[in-house]
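Colleague: I am new to this structure. Please take one part of it, the pairing of charged side chains and what surrounds it, and go through it closely.

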Amino acid sequence: MDSSSTEITSKGPNRPSVSRGVQFAEGVELDSQNANLSTQQLAKASAPLSGELLQELERVAPEIPQERQTQIETQLRDLYDACRACCSAAGTGTTLLSMGSYQLGVLLPTEEVDVLFTAPLSLQLADLTAAFQTELERRGIAKNFTTIGNDGLLSAPGLRCEIGTTMVKVIISQNIPALPPPRAPEAIVQNMAGVYSREGAELILASVPNQSLFRNLLRFVRHWAKKRGVYGSFLGFPGGMAWAICCAKVCQSSPGIELSQLAGRFFRTMSRWDWRQPLSLDSSPVATVHSMTAAEATAPAEMTVLLPLGTGLSTTTQVTDTTMKITQKELRRAYKMVQQVELCRAHWTDVYKEAKFFQRHRHYLEFDFMASDEAIFAPWTQWGRQKLLEVIRLFEQMSSSIVTLRPWPEFLPFKDSDWPHATAVFVGLHLERGPTDGQGEGPRRSFDLREPIVKFLESVSQWPEAEANANKFELLIKHVRLSELQSWLERRQQGQVGTSPGGAGTAISGLSSGVGPLASGNNWTVTEEDSTQPQNCNV
């Protein structure tokens, strides 16, 4: 077998690669893989609707230009040389392989690049993260380092850094020979976690009948999910791997159809999926409802998308009841819009039209993460990303029948008057209507937001680097109304200072010196008449 077309997998023996992206190994450099069909060839062979969709994809989710691809490969070569130098005393056997959206061939030109570094078995992975950072800093290659901690289900160790104009996430792993795939989450060997993740993506690509068609569908779905606010595991929505598996499932079940038909089939399938049954790429027959026990058939459904590796490894453990309902609603909306496109009553842009999240709610929670310099800001916001999901779970535990949340999975950088580096995350609030007394409307319901917020603060204040960076970082949490948010967005768009004071008692801060006192006053209480949806707000 030609060594220029092989790579290491978790199954031990090398096999032909179907992934894209750069791959470096000692003594061997592997070229980027070509798709089965080019975008231009596919466009010529497609029906008019498919051609229109491909044109839209090139506009809103373009493939990486060759110049940018060459730049990324050069930066990754420098990264690999530095990481390999840290392992030189342990002998040979290191590789740097593409992962995630880069491996699947759907990376956008400005997106973060994920790579897997496999180290010799004689080394301790716990020591390599710090060693890599030291060597990269010594060479002047990278800056703004953060550790990635427990990254997803597979809890792979590694670091994130900025190399030139590219953000790179480096997963560190080892290839242990003859180790079988895990049969349960608790059976995952952390040193192999990165290899498992890459092998999962390889199996996704190998499972689809046409990789070009799959990649174009995934490009479309990723863009739709981001515009509609249902992409991002840090706030409880499906991440890139989960959406890729869903796309592959539809490609498997619908071979030979055009892209426009495949898009419609995707939203039809996903909007009607019975989530009492996990979604997987397993070719074995899916269990029916009739084979379930009575308890299983009536149990609350969970959105479970299984990794095509091992047994029972879910890529959607972060999805909550709240975010699952939001995702299902968006899938149903998308399916209806695609039907309108097929009838020539709508355009593809209407399918992924950005959700009017910032106009839809009367009340929002605003989380401002701020720091004095980039070296502190990067790890501080990374810690925040790991903790924000707790907000959703706390509200579900304490007030699911009273208050529902609509998180928006995006960080918005803004200018602050006191902090050089600042970014914000917003969560919409909706108070459910109370029961009536049979003679009209019942008493107005209300909810005090402070209890779940303070519990979240107690958790996020445990940042391991807090003491070393005292008075150099901050988290400000605000309850803001729609009018205040609109003013904030206008100032941000104009490049002005974005900090809005809000009403009295609407902010909790002071993490640099410990959790501050509870804010007082009615501004932390949401009442039923205040929380109704604003008029003339179409989603």
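Modeller: A salt bridge here is a side-chain nitrogen of Lys or Arg within 4 Å of a carboxyl oxygen of Asp or Glu. Side chains of opposite charge can pair when their charged atoms come close. The model is predicted, so local features need pLDDT of at least 70 and side-chain atom pairs count only at pLDDT 80 or more, while totals for chains, interfaces and linings use all residues. Residues are numbered from 1 along each chain as its sequence is written, and side-chain values use heavy atoms, with hydrogens and water left out.

By the rule above, the count is 19 salt bridges. One of them joins arginine 139 to glutamate 135, with 2.7 Å between the closest N and O atoms. Both residues belong to helix α5 (residues 125–139) and sit four residues apart, about one turn of the helix. Helices (H or I, at least four residues) and strands (E, at least two) are DSSP runs, numbered from the N terminus. Arginine 139 is partly exposed at a relative accessible area of 36%, whereas glutamate 135, at 13%, counts as buried. Buried means under 20% relative accessible area, exposed over 50%, and partly exposed in between, with a 1.4 Å probe and protein chains only.

Elsewhere, salt bridges that share partners join Glu58, Glu63 and Arg219 into one network. Glutamate 63 is partly exposed, with a relative accessible area of 31%, but arginine 219 is buried at 4%.

Arginine 219 also takes part in a contact between two helices. Helix α2 (residues 48–60) packs against helix α7 (residues 211–227) at an angle of about 60°, and their axes are 10 Å apart. Why is α2 called oblique to α7? The angle of about 60° makes α2 oblique, because angles under 35 degrees count as roughly parallel, over 145 as roughly antiparallel, 65 to 115 as roughly perpendicular and the rest as oblique. Axes are lines fitted to C-alpha atoms, for helices over the stretch in contact, and angles run from 0 to 180 degrees between N-to-C directions. The crossing of α2 past α7 is left-handed, meaning that the near helix is turned anticlockwise from the far one by less than a right angle. Leu53, Leu54, Leu57, Glu58 and Val60 of α2 make the contact with Asn216, Arg219, Phe220 and His223 of α7, where contact means heavy atoms within 4.5 Å. The residues of this contact divide into five nonpolar, two polar and two charged. Ala, Val, Leu, Ile, Met, Phe, Trp, Tyr, Cys and Pro count as nonpolar, Asp, Glu, Lys and Arg as charged, and the others, Gly among them, as polar.

A further salt bridge is formed by the side chains of lysine 169 and aspartate 114, at 3.9 Å from N to O. Lysine 169 lies in strand β9 (residues 166–173) and aspartate 114 in strand β6 (residues 113–118), so the pair ties together parts that are 55 residues apart in sequence. Lysine 169 and aspartate 114 are both buried.
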